[in-house]
Amino acid sequence: MSPYLFWPLAGVTLLSALGVVTLRNTMHSALLLGLSLAGVAGLYLSLGADFLFAAQLLVYVGGIALLILFVVMLSGRADEMRLRQTHSTWLAAVMVCGVVFFGLWRIVALARGVLAETRTAPTTAPLGVWLLGEMAVPFELITLVLVAALVGAVVFGLSPNGSVPEK
Amino acid sequence: MSLAYYLLVSALLFVIGLFGALTRRNIIGVLMGIELMFNAANLNLAAFNRFLHPQGVAGQAVALFSIAVAAAEIVVGLALVLAIYRSRDTVYVEEFDLLKG
């Protein structure tokens, strides 16, 4: 829980997240997304959530960031690397984000001074007991969601006449 | 380190993700912004678990479910992006006008 762990991780997470939304090159955005997700994994570790840290690295950094990287490489053209990547109405978006952040800030201010009372401890074992005990039904249902997503992705990947695309 | 610092980082991450989802022209950039917002919410869940309810693991379990749902969402989303790219040859959201007829 030391600040020496928290501040560098928070800095890496937020700076690379800023890079994700502002850089022109989508390839660089996708790589920085991986870095930002790894920073969030480190923040989980500083919260003592060790299993969440491992799951974040495996699923987000190892799975989702890599998948996005593949799609960027499959769908881009070389001349797009220098195109403007933001809408002309970005100023309105900045104002929307400002309003949202103001609201969130008012809520965050309520949590000022709330300190942790216990030391961090590994939570993998209680998490396993919880998932297979009280949360067993949702845990099984989530496998159904994942199978449905898998089948859906394959269906969308097929071309209209039902064959695997040639291109 | 108090809870407010974690909530502040999470709020900033959410706002950055919201900005990305609102302004990126590239549909993959929009999806990346949505991923950042998911992560901000998960970080909040883990932080609340640590600071307000340290004897249980419910917050972390919900964050785990959220990660699984986000993975399913991004897989289907990217499959849709590739399907649209095959038929329209573009990844820019202003050219996604299939429903206009």
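Two salt bridges are counted over all chains, a salt bridge being a side-chain nitrogen of Lys or Arg within 4 Å of a carboxyl oxygen of Asp or Glu. This is a predicted model, where local features need pLDDT of at least 70 and side-chain atom pairs count only at pLDDT 80 or more, while totals for chains, interfaces and linings use all residues. Residues are numbered from 1 along each chain as its sequence is written, chains are lettered from A in the order in which they are written, and side-chain values use heavy atoms, without hydrogens and water.

**Salt bridges**
- Glu94(B) pairs with Arg25(B), and their closest N and O atoms are 2.7 Å apart.
- This pair links distant parts of the chain, 69 residues apart: Glu94(B) sits in the segment after helix 3 of chain B, and Arg25(B) in the loop between helix 1 (3–23) and helix 2 (27–52) of chain B. Helices here are DSSP runs (H or I, at least four residues), numbered from the N terminus.

**Where the chains meet**
- Chain A brings 86 residues to the contact and chain B brings 66, with contact meaning heavy atoms within 4.5 Å.
- About 7000 Å² is buried between chain B and chain A, and carbon and sulfur atoms give 77% of this area. Buried area is the accessible area (1.4 Å probe) that two parts lose on being put together, summed over both.
- Met1(B), Arg24(B) and Arg50(B) supply 11% of the area that chain B buries against chain A, more than any other three residues.

**Domains of chain A**
- Chain A has domain 1 (2–86) and domain 2 (123–167), with bounds from an automatic or database domain assignment.
- The C-alpha centres of these two domains of chain A lie 23 Å apart.

Definitions and conventions. Helix = DSSP H or I, 4+ residues; strand = E, 2+ residues; numbered from the N terminus.
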